[in-house]
Number of protein chains: 2
Amino acid sequence: MSAGGEEDGGLPEAEAKQRLYLYDTTLRDGQQTQGVQFSTAEKRQIALALDALGVDYVEGGWPGANPTDSEFFAQAPALTARLAAFGMTKRAGRSAENDDVLAAVLDAGTPVVCLVGKTHEFHVTTALGVMLEENLEAIRASVAHVVAKGREALLDAEHFFDGYRANPSYALDCLRAAVGEGARWVVLCDTNGGTMPADIGRITAEVIAAGIPGDHLGIHCHDDTGNAVAGSLAAIDAGARQVQGTLNGLGERCGNANLTTLIPTLLLKQPYATRFDTGVTREALKGITRTSRMLDDILNRVPRRAAAYVGASAFAHKAGLHASAILKDPTTYEHIEPGLVGNARVIPMSNQAGQSNLRARLTAAGLTVAPGDPRLGRILEVVKAREDQGYAYDSAQASFELIARAELGQLPQFFEVKRYRVTVERRRSGAGMMTLSEAVVVVLIDGKRVLSVSESLDEAGTDRGPVNALAKALAKDLGPWQSIIDDMHLVDFKVRITQGGTEAVTRVIIDSEDSQGRRWSTVGVSPNIVDASFEALLDAINWKLIRDTGKDET
Amino acid sequence: MSAGGEEDGGLPEAEAKQRLYLYDTTLRDGQQTQGVQFSTAEKRQIALALDALGVDYVEGGWPGANPTDSEFFAQAPALTARLAAFGMTKRAGRSAENDDVLAAVLDAGTPVVCLVGKTHEFHVTTALGVMLEENLEAIRASVAHVVAKGREALLDAEHFFDGYRANPSYALDCLRAAVGEGARWVVLCDTNGGTMPADIGRITAEVIAAGIPGDHLGIHCHDDTGNAVAGSLAAIDAGARQVQGTLNGLGERCGNANLTTLIPTLLLKQPYATRFDTGVTREALKGITRTSRMLDDILNRVPRRAAAYVGASAFAHKAGLHASAILKDPTTYEHIEPGLVGNARVIPMSNQAGQSNLRARLTAAGLTVAPGDPRLGRILEVVKAREDQGYAYDSAQASFELIARAELGQLPQFFEVKRYRVTVERRRSGAGMMTLSEAVVVVLIDGKRVLSVSESLDEAGTDRGPVNALAKALAKDLGPWQSIIDDMHLVDFKVRITQGGTEAVTRVIIDSEDSQGRRWSTVGVSPNIVDASFEALLDAINWKLIRDTGKDET
């Protein structure tokens, strides 16, 4: 923990820490991301992950606005975090008691209710079309109504920073209206995401100077200028004590402040680590990389490799000079120890990294090669040539190992595929159309030709496609190796087109798993997607055979 | 330009603007990104795009460090921007004149040379293993040597902020050594990316107070805490007048400061727009979205939708309340006008957006439907149900149009596919193995059954895979429609697995183009990749037939 330790020495230990509250809105504002629509089950899963992380508030959605949100609140999971329902202040021309939209929010029965209210005079008169005083009254009456129902009330002050610049006294009056009626928090929202961090810091300080206490003040930033995290920190520096954000920075347009970035900074970096307590423990912080990847899994998104703290490249050292210094002392090119956030150091190979990286990677695969061995240069050449064709070995470590073994003369041949044929048919079946895939594989094992055939139907009779049929046929009869192969299964299948258009070349990466909990990745490349898949499947089988027949011991 | 105009009013117009210099290192530090390796041709293409944008400096690489960088400088394109070669200060124990690494950098013949030098005592003594005074002498001698050769000299002050915290007087001495020998710029590098923006601002101000002039001071940030852009702005606020970064924030680990974010901010946002001149004009700024996408194309990366300013979602308004306000006045939820950066407003459909968005999108497809028409609700239901299965209509506008036409009773049937069969074979051929794909398609046109067969070999005899064979067979004989279909071709083919593992469901998106320059996107979804592709191909053909037979006129 030397890198993290360095961060602990900034301020005297004895100084009393202040409490900083984390408010997550992944399930509400995060759902405004283009292409994102959570199911109720997914909302539950994310809420539980947020709770395990230790955030203080989980905003679950807007009850009444859509069926999924209402269903989530009806079946809300038991959380340590305080569950919040989102809504808006009462509409003009009716009382808070008689506003059905507000009633639906309160009916969700959450301990916390967060209402968005206007604080920018332009929006009050233009978007709402009401008088400024009417809007103040809507804030007062709505907050009072929530408080009277025994709930913790928050006001999301929409467009606060733009509003404050246009008419500071009105924007402040809106905040005072909420605090005066007992709102636990007023949250300064940079709704359009255009305010610079320096302005957020200055205006937050002015709000506190105008009498709104910092421990009643939250910050809600958007990333339209790439400054959502910095804006949040600027507000905290100025005295705000609640910060709102989302996992992986989901949210409308460019997204909200990214909590997977903010939380590690608040726990590990100065002055925050010494100055603040949050609900997230050092132990829970180790789960944040996993939580981030889980959300991408739910959304079927490719995790962003360059994401701060949690990205697969966040601690990847490609430059040759960096990589060699890292081997001496990781603090030379790492600002924190990757294990603190559950991430890991990566030293990828490339023409910039050279043989010392290659040797480290071979050692990880159980292959010992002396420095200066000429085979190292040959392996690098083969890897480089294949990367030019579209192969990617940064993640497909098992395929990399097989290439290295071939060059080192340590690649046993268990069997040989003589030929295969895969057929996809679509034709009429009863009233509708159906598709069916079939694969025939001919394998030579111990001098014997073995023919296998499989079709692609799953237990429900659904066609799972040509690669499924091929995988089943390939694994169907491998003679003496059959029991070993029966123990592995495909857990993920990723396809990427590495050249567009009619010249498309396909890269397939397959993740496999066995009963011992081993998980390995292999890669295949071809203009023919079936053949690219075949190559990756073959690598996966060979890697497993090498492991389980003890051929990996040199 | 009302949204952008709002930003122009902050400071008095008459105040003299200061010059702020932009230094791009996409071709050098950007190449440290995991998985990125530019070819010489790609480097030229990127350099020309940067020049068209108007950056002041283009850093092309490290001559001598790898063959591609040396080749690029040997064939460097003619640029208005100043071309910089990167290297490091001379090594201990030899003179600047006799250092072969430094000589290779100067041999590239660029007008600008940027040398990285150590300024952190820990790195001097640990990583380099030399005395502190030796390192100062290396900086002095190297800069003097570059200046003596008539080049503009820069010092990249590696680990400056960490070094300044450890030993401020030594870190400052390193800067003074460079400036004293005539370096045009000393660049404060936050090499490990761990320094908070507030600290970057404070330390930059202290450096200027210690006598290093701001117009000789640059800033180089990394994004390890998600603050690279904010850190750069903090240094500019404090007085630095050169900023380094990369397109799309490429770079080692989490990347460098993102120039596609910083440049729009410096030109459009206050106080920067009024305070500074850069080499980028308002007109050139309109090309920045295209430049960002071009870089992703070169790298075969999926553009980041949520990227500030240039992302496809940057001006997408999903929330129903936002979308309806935007229709009244875009400044309600946009901090700038999207056209200023060459981007566009998007109002996607979703259960949150409702019928007014849908009608706007139908109108764009030439389909007029009256408000309140019950078919609008049915179309929304079909779209929602299909999105649940994995379809995505945000980009596949042509497939969306076909769905809407089906519900509106405006979908003509030109032909019917009765069945198809696709075969992929891999078998021995001469000395090696070969693959071959073949497709048979049976189509009913005007009551007549037409059989077509195609194989997947291109002109060079390479198998282009089963989808290629199917596309060719499908388009081979469509009777009266043949001349229309002959005018279209497939320009891009994208595959995505929307559920992982053995239950994988495949989404295929196909982009087609015709001789009139029309480009349209269609989508297909199936567990069977061939069938998903077939569906998207069929949509593409039908959309073209509707257009060219005049069936789109209602």
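Reader: What is the order of the strands in the open sheet of 6 strands?

Author: This is a predicted model, in which local features need pLDDT of at least 70, side-chain atom pairs count only at pLDDT 80 or more, and totals for chains, interfaces and linings use all residues. Residues are numbered from 1 along each chain as its sequence is written, while chains are lettered from A and ligands numbered from 1 in the order in which they are written. Strands (E, at least two residues) and helices (H or I, at least four) are DSSP runs numbered from the N terminus, and two strands pair if DSSP finds at least two bridges between them. With antiparallel pairing, the open sheet has the order S13(A)-S12(A)-S11(A)-S11(B)-S12(B)-S13(B).

Reader: Which strands stand at the edges of this sheet, each with a single partner strand?

Author: A strand with a single partner has one side left without a neighbour in the sheet, so the strands to look for are those at the edges, namely S13 (448-455) of chain A and S13 (448-455) of chain B. On the chain A side, strand S12 (residues 432-445) is joined to S13(A) by 8 bridges and the two run antiparallel, with A:Val441 standing opposite A:Ser452. The edge strands are therefore S13(A) and S13(B).

Reader: What angle does helix H19 of chain B make with S12(B)?

Author: Angles run from 0 to 180 degrees between N-to-C directions, and axes are lines fitted to C-alpha atoms, for helices over the stretch in contact. Contact here requires C-beta atoms, placed from the backbone, within 7 Å of each other. Helix H19 (residues 466-474) of chain B packs on the sheet and touches S11 (416-429) of chain A together with S11 (416-429), S12 (432-445) and S13 of chain B, and its direction makes with that of S12(B) an angle of about 30 degrees.

Reader: Why can the two copies be described as related by a two-fold rotation axis?

Author: Copies are superposed by least squares on the C-alpha atoms of residues with pLDDT of at least 70 in both. Chain B is brought onto chain A with an RMSD of 0.4 Å by a shift of 0.1 Å along the axis and a rotation of 180 degrees. The two copies are thus related as by a two-fold rotation axis.

Reader: Which residue of chain B has the C-alpha nearest the axis?

Author: The copies meet through the same surface, because 100% of the interface residues of chain B are also interface residues in chain A. As for the axis that relates the copies by a rotation of 180 degrees, the nearest C-alpha in chain B lies 2.0 Å from it and belongs to B:Thr423.

Reader: How many strands form the closed barrel in chain B?

Author: The barrel runs S2-S3-S4-S5-S6-S7-S8-S9 with parallel pairing, and the twist averages 25 degrees from one strand to the next. The closed barrel of chain B has 8 strands.

Reader: Are the residues of S7(B) buried or exposed?

Author: A residue is buried if 20 or more other C-beta atoms lie within 10 Å of its own, exposed if 12 or fewer, and partly exposed in between, with C-beta atoms placed from the backbone. B:Trp185, B:Val187 and B:Cys189 lie on one side of the strand, with B:Val186 and B:Leu188 on the other. By this count, 5 of the 5 residues of S7(B) are buried.

Reader: Which residue of chain A does B:His123 touch, not counting residues up to four places away in sequence?

Author: B:His123 is found in helix H5 (residues 121-128) of chain B and is buried, with 21 other C-beta atoms within 10 Å. Its contacts in chain B are B:Lys118, B:Leu128 and B:His159. In chain A, B:His123 touches A:Thr332.

Methods:
Two residues are in contact if their C-beta atoms, placed from the backbone, lie within 7 Å.
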